[in-house]
Amino acid sequence: MTLLRILRYLIVRAVSLFLTVVVGVYIAILIANMGGYVDQIRKAQIREQVGSAVQADRSLRLLPPAELRRVIDQRIELEEQRLGLDRPFILRSFNYLGDALSLSLGRAERLTSDKGSRQVRAIILERLPATLVLFGTADLIVFFAAILAALFLSRRYGGFLDRAVIALVPTSAAPAWFYGIFLILIFASLLRLLPFGGMVDVPPPESAPAYALSLVRHLILPIAAILIGSIFIAIYNWRTFFLIYSSEDYVEVAKAKGLPSGAIERRYILRPTLPPIITSFAFTLISLWSGAIILETVFNWPGLGRLLFQAIGLFDTPVIVGSVVIYAYLLAVTVFLLDILYALVDPRVKVGEGRGKSV
Amino acid sequence: MSALREGLKEFTRYPSAIAGLVIIAALVALALYTVIAIPYREGMRLWRGGEEIWIENPRNARPGWVNFFSRARLPKTVVVSSEEGAAQRKRVRPLPGGLRAVDISLAFNYPYDAFPSEINLFLKASFKERRSYVSLFWLTPDGRRVSLGERSLRAYERYSISLDRRLAQKLGRVPPEIALFAGKDAVAETSPPLRGRYELRLEGLFFEEESNLEAKLVVYGQVHGLAGTDHRRRDLMVALLWGTPVALAFGFLAAVGSSLTTLFIAAVGVWFGRWVDALIQRITEVNAILPVLPILVMIGIFYSRSLWVMLGAIIALSVFSLGIKLYRAIFLQVKESPYIEAARAYGAGNFRIIFRYMIPRVIPVLIPQFVILIPSFVFLEAGLAVLGLGDPVLPTWGKVVNDAYANGALYKGYYYWVLAPSTLLMLTGAGFALVGFALDRVFNPRLRTL
């Protein structure tokens, strides 16, 4: 009975999440095309390109005007057909949706990967490592450092360090890119210790150790910027959270029983707070996907955020939609897995009962 | 409401909160001062009016206060014009044959320890058919006389002395703005300029009755005003001042627009329940998939960069933000409380209950979040500007940072250009965050018991 109920719940949940993804991606497609307005921009671009290409072609310039006109129109039509601009936008938008949902990301219209491929998949995969190495490192440091520091501080509630961290919390009002500018000013511009931006030296070092060293040197400033921008608020939030949980009655009882503080922390504080910690961790991981447009711009970092920015600037809808759809799937899958995980970790969550849902 | 007043009393006991309030008050005062002292039209004229408005400002000049910190006194801009104080500066005497000779002497004192950044001479001549003819001489404090050439004048002429290649060649391939101010045997560029009285003398001939000539010498300094200038010679003070009301208004309106609508929708969803609640929940989930910043970038590139369009888009995207889930949890508890039942018993309508009984209960939770939200929108606007998507008309702090970045301010060492707007941004962030976090500790019941 229970198994059936869980199964039914999971199926309902999966379907509803999938519908969410469908609607979200479709809205993203509509926005990325500005409801079809981008088509007009692209048509004008094609016209201009064909016009100048014909102008530059010597053999065509000698044709009589009527003939030339015909050649131009033909080429425009061909180019519009190639991009599918000859069909109404609404029809195409559903094609886009189908392609996006089946993850056949197709070909970019203008962007190419550094290797020259026009496959959206290749373009995205090429940028993925850059984003992962920067935000992966930084976000993992923030996540684990914040939790450890918060546990430490919640034990020394009201102490000097605790108050110092609270005093530093307002620094998180400014985003990471903002600190990035300051760090560049100090360490790159003034002291000339670290590079202004980019991922490796130009030209990239040949040997692997030299390459790694160069990468590390370029990583220091952006990671520092992310840390300054988010670590104090993260510590503060987790600290408050742990404090609330450590004032529960069962913790008092455990203390009264004389359990060592390590055991109390593990069994009575960390265990019940595990679900939110896992949730936060999962969302940290998927937030990696979008990169950070502004931070990557400030540091000239060749990651997914920059890619998205370039794609938008070039009206390259397939790349924009590709990036959004992958994020949507990651989000949906994560939420789904968290639903299951909650049921496993938290005995209080009874799946499929009552009116509300657990997440 | 008495709880609110008590909370405020407790709030004033946090020194950080007081500091935050002082910062916010100062920013608001600055914004009010700006709007009154430099009305919108005047601000736009000063910032976007065209080159003639800022032609007498030096390019990329540092702020004036750097002189307090360095031993060497950096030069301010010197403007000497024959139109003002004309009696001594311009002399016209008749010559035989209907000609007239004109002598203009533009003298100025130069007490600084660094060379000027540029020298321009603006000449305004009036004539009917025959152009006036003029020879230019540069007189240094140690009595040298350098010829700057001769020319026949058009109606309006700008002689960029510092860009005159032939003159530079003549002066030993040293840029004129340095060579003309260097001592006699000085190894230019390393040694300081010669201090004292300099003079630019124009000796000319008028061939007609109506001929006239006015000259204005501008020796551009290295410092300007309190904020310095940018690459187009514009006084950064205008942008920094006008950025204040723009940033505050933008942050405040965006925070009001997004948090109040979110609150209202959460309350409606909880109160009506059933499909209304379900629909709101689903929309929230769809909304979570949409990437906010990329959409704003798209709007900026495809449609409009206007600050107010961005404001509308930000509010529209954050109406169904995840905050709804938080408020929903609180409202679910509130909905079951007895006083709501009492209100229902006396026959209060749906929206009366929502507005009079439900929303006020959440205000204490809302206020701190609201205050903390304001700077996040200010920084969002600045971030869009850093991406090159700032408002095309209004000067904002973010646009100043973007200008600085685009012109390599950090590479070239124009730190003031980045520091001034960033400091203002930082103050805004710190002010609201200090107040917000203090309010959070006062109003958040779970934190108060700790």
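Student: Which residue in β7(B) is the bridge partner of B:N120?
Tutor: The partner of B:N120 in β7(B) is B:S160. Keep in mind that this is a predicted model.

Student: What makes β4(B) and β7(B) a strand pair?
Tutor: Two strands count as paired if DSSP finds at least two bridges between them. β4(B) and β7(B) have five bridges, in the antiparallel sense, so they meet the cut-off of two.

Student: How many bridges join β4(B) to β9(B)?
Tutor: Nine bridges link β4 (residues 118-126) with β9 (residues 212-220) of chain B, and the strands run antiparallel. Among the facing residues, B:L121 is opposite B:L217 in β9(B), and B:K124 is opposite B:E214 in β9(B).

Student: In what order do the four strands of that open sheet lie?
Tutor: The order is β1-β9-β4-β7 in chain B, with antiparallel pairing.

Student: Why do β1 and β7 of chain B stand at the edges?
Tutor: β1 (78-81) and β7 (156-160) of chain B each have a single partner strand, so one side of each has no neighbour in the sheet. From one strand to the next, the twist averages 15°.

Student: Which strands make up the open sheet of five strands in chain B?
Tutor: The strand order in that sheet is β2-β3-β8-β5-β6, and the pairing is antiparallel. The edge strands are β2 and β6 (145-152) of chain B, each of which pairs on one side only. Neighbouring strands of this sheet are turned against each other by 15° on average, direction ignored.

Student: How do you know that β2(B) pairs with β3(B)?
Tutor: Five bridges join β2 (residues 90-94) to β3 (residues 100-110) of chain B, and the two run antiparallel. As an example, B:V92 has B:V102 in β3(B) as its bridge partner.

Student: What lies between β2(B) and β3(B) in their hairpin?
Tutor: Five residues lie between the two strands, and in the turn B:G97 has a positive phi of about 90°.

Student: How many bridges hold the pairing of β3(B) with β8(B)?
Tutor: β3(B) pairs with β8 (residues 196-206) of chain B over 11 bridges, in the antiparallel sense. In β8(B), B:E203 is the bridge partner of B:D103, and B:L205 is that of B:A101.

Student: Turning to helices, why is α9(B) called oblique to α13(B)?
Tutor: Helix α9 (residues 236-272) and helix α13 (residues 323-335) of chain B pack at an angle of about 45°, with axes 9 Å apart. That angle makes α9(B) oblique to α13(B), because under 35 degrees would count as roughly parallel and 65 to 115 as roughly perpendicular. The crossing of the two helices is right-handed.

Student: Which residues in α9(B) and α13(B) meet?
Tutor: On the α9(B) side they include B:T262, B:L263, B:I265 and B:W271, and on the α13(B) side they include B:G323, B:Y327, B:F331 and B:K335. By class, the contact of α9(B) with α13(B) has 10 nonpolar, three polar and two charged residues.

Student: How many residues of chain A are in contact with chain B?
Tutor: 41 residues of chain A contact 39 residues of chain B. Helices of chain A that each supply at least two residues to the side touching chain B include α1 (2-32), α2 (37-56) and α15 (317-345). α1(A) gives the most, with eight residues. The residues on this side of chain A divide into 34 nonpolar, seven polar and no charged.

Student: What makes A:L101 partly exposed?
Tutor: A:L101 has 16 other C-beta atoms within 10 Å. A buried residue would have 20 or more and an exposed one 12 or fewer, so the count falls in between.

Student: Where does A:L101 lie, and which residues does A:L101 touch?
Tutor: A:L101 is in helix α5 (residues 89-101) of chain A. Not counting residues up to four places away in sequence, A:L101 touches A:V22 and A:V25. The C-alpha atom of A:L101 is separated by 34 Å from that of A:G198, 97 residues apart along the chain.

Definitions and conventions. Residues are numbered from 1 along each chain as its sequence is written. Chains are lettered from A and ligands numbered from 1 in the order in which they are written. This is a predicted model: local features need pLDDT of at least 70, side-chain atom pairs count only at pLDDT 80 or more; totals for chains, interfaces and linings use all residues. Axes are lines fitted to C-alpha atoms, for helices over the stretch in contact, and angles run from 0 to 180 degrees between N-to-C directions. Angles under 35 degrees count as roughly parallel, over 145 as roughly antiparallel, 65 to 115 as roughly perpendicular and the rest as oblique. A crossing is left-handed if the near helix is turned anticlockwise from the far one by less than a right angle, and right-handed if clockwise. Two residues are in contact if their C-beta atoms, placed from the backbone, lie within 7 Å. Ala, Val, Leu, Ile, Met, Phe, Trp, Tyr, Cys and Pro count as nonpolar, Asp, Glu, Lys and Arg as charged, and the others, Gly among them, as polar.
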